[in-house]
Amino acid sequence: MSRALLLASVLAARVAGAASSAPPSVEQGAAVPRLARELTDDLRALSAEAPVALHLSGGTPELRRAVGSVLAARLAAADLSPIVLEAPTPEAAEAAARAQGARTLARLTLDVEAGALRARGDLLGTWVNFWSGRSPTRPPRPAGALSASVDADPEVLALASVGGPPAPSTRPSGAREMRLLGATLARLESPVAALAAGDLDGDGRDELAALTEHAVSVFAADGRLLARRELEPLAPASVTTREPFGALAVLSGPPRLAAWSTRHAHGEVLTLDTARGVLKPVGVLDAAPLGPGGERGAFVPGQTAFQPELRLADGKPLTAPAPFTTASLVAPRLLFVHPDATGTLYARAGAAPLRLSSLGAGSALGDLDGDGEPELVTTSPLLRPSPDVLRVHALQGTDTTTHEPLWQGALPSGRALVVVTADLDGDDRREVVVGLWKPDGTSELFLLRQGAP
């Protein structure tokens with residue numbers, strides 16, 4: 001059974017077994033059950049008459065099946081005798097509903113956009129007046145518009161994402177189809193200073209690590225908090241930064257998490273103990289971790305930037321053209337983003353650098369479409385964009401940001417200052433996680449993954 005189908009079965013079973021008696025808190029965190037609850041309330045408010053036929057369009061088949069199963073279970077608990085229809089179009093669903101004896105029909109179109117799962121459509125009566133003759137007429141009631149929206153979650157993104165391995169592309173670079181769907185993965189009580197991703201528990205899927213001023217947290221692909229380590233016991237730094245800043249990297253062989261906040265005099269190397277749900281310290285850092293191979297650098301004292309001099313995984317030195325705020329090292333490529341919104345891209349260590357423009361501090365490299373070549377993901381170069389925008393560019397031999405992006409889309413409100421790519425489900429296509437600083441002093445980890453075009 002595929003992961004998406006399994007999710008659909010789990011969601012349906014969750015609601016079918018407890019729709020009539022479970023307290024609201026049971027469904028509080030799941031987007032599909034929350035959407036089903038809103039739609040059920042709307043149908044009852046419109047005096048929908050049983051049996052109620054459901055026709056769903058839009059989205060992927062997996063998303064339609066999940067919403068249909070959960071909504072049908074809730075309608076059954078409300079004594080509305082649901083019938084889930086298969087019809088080629090919403091118009092054809094009306095005749096199909098009459099043929100199956102339904103008295104009302106709900107036609108809904110599903111989509112995932114701007115971090116929300118939405119359902120839009122209408123409700124109509126299907127009862128046929130005997131005196132209508134050969135042309136069926138609709139009764140005046142029930143009738144009404146249906147519209148519901150809930151915050152999407154990782155389960156919804158899994159159901160809405162493209163299934164199966166990516167097909168080889170014969171189109172030229174820059175013409176590939178790409179569409180990213182987003183949902184909130186997790187929330188933090190303070191601004192996120194750095195993000196990193198890597199397989200910390202050896203299950204073949206990445207975990208996501210988030211650093212704040214005084215703590216580091218590790219999350220699973222579904223947003224569950226796996227472990228948290230407070231950094232307060234570490235000695236404070238003699239010179240700190242005005243805003244939260246630091247370095248975070250998942251080191252390979254064996255997997256370890258290296259974390260250093262500029263609020264403290266040094267960092268720590270940690271291992272994840274999933275059985276106990278803790279991050280165990282196994283070493284002290286005297287250099288800022290910059291990449292998975294052990295690349296390391298140093299902070300500019302008092303500034304949210306790294307010094308241009310760094311050491312690569314093999315111990316060789318490299319000097320970037322200027323201090324940088326962001327480093328994304330995906331062998332053999334090295335990307336550095338500078339405070340003036342320019343970037344330096346090396347095809348490999350020792351190669352001539354390529355100068356990029358219009359990059360946001362939230363920038364990263366990652367293979368989003370599984371073709372073996374990384375893409376460039378970057379946010380807006382503006383200081384306070386409203387809203388911030390995420391762009392995906394193909395890497396080319398020139399400044400890729402001067403060409404039309406493969407995809408771009410608005411992000412939820414907040415400042416998008418950190419970005420990382422991660423393979424959260426082990427399918428060799430990386431997802432994007434954006435760290436958003438919210439106006440109330442908290443932060444949000446916003447997950448984007450490929451969706452059906």
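Predicted model: local features only at pLDDT ≥ 70, side-chain atom pairs only at ≥ 80, totals over all residues.
User: What should helix α2 span, and how far apart are its end C-alpha atoms?

Analyst: The expected span of a helix is 1.5 Å times one less than its number of residues. Helix α2 (residues 31-45) has 15 residues, so it should span 21 Å; its end C-alpha atoms are 21 Å apart, which agrees.

User: Which residues of α2 are buried?

Analyst: Buried means under 20% relative accessible area, exposed over 50%, and partly exposed in between (1.4 Å probe, protein chains only). In α2 the buried residues include Leu35, Leu39 and Leu43.

User: At what angle do α2 and helix α3 pack?

Analyst: Two packed helices are described by the angle between their axes and the distance between the axes. Axes are lines fitted to C-alpha atoms, for helices over the stretch in contact, and angles run from 0 to 180 degrees between N-to-C directions. Here α2 and α3 (residues 61-77) pack at about 50°, with axes 9 Å apart. That makes α2 oblique to α3 (under 35 degrees is roughly parallel, over 145 roughly antiparallel, 65 to 115 roughly perpendicular, and the rest oblique). Contact means heavy atoms within 4.5 Å; among the residues making it are Leu35 and Leu39 of α2 and Val67 and Leu71 of α3.

User: How many aromatic pairs are there?

Analyst: A pair of aromatic rings is described by the distance of the centres and the angle of the planes. Rings of Phe, Tyr and Trp (its six-membered ring) pair if their centres lie within 6.5 Å; planes under 30 degrees apart count as stacked, over 60 as edge-to-face and the rest as tilted. By this rule there are seven aromatic pairs. Phe299 and Phe306 form a stacked one, 5.3 Å centre to centre with 25° between the planes. Both residues, Phe299 and Phe306, are buried.

User: Where is Leu85 found, and is it buried or exposed?

Analyst: Leu85 is in the loop between β2 (83-84) and α4 (90-99). At 4% relative accessibility, Leu85 counts as buried.

Technical notes:
Residues numbered from 1 in each chain as written. Heavy atoms only, no water. Helix = DSSP H or I, 4+ residues; strand = E, 2+ residues; numbered from the N terminus.
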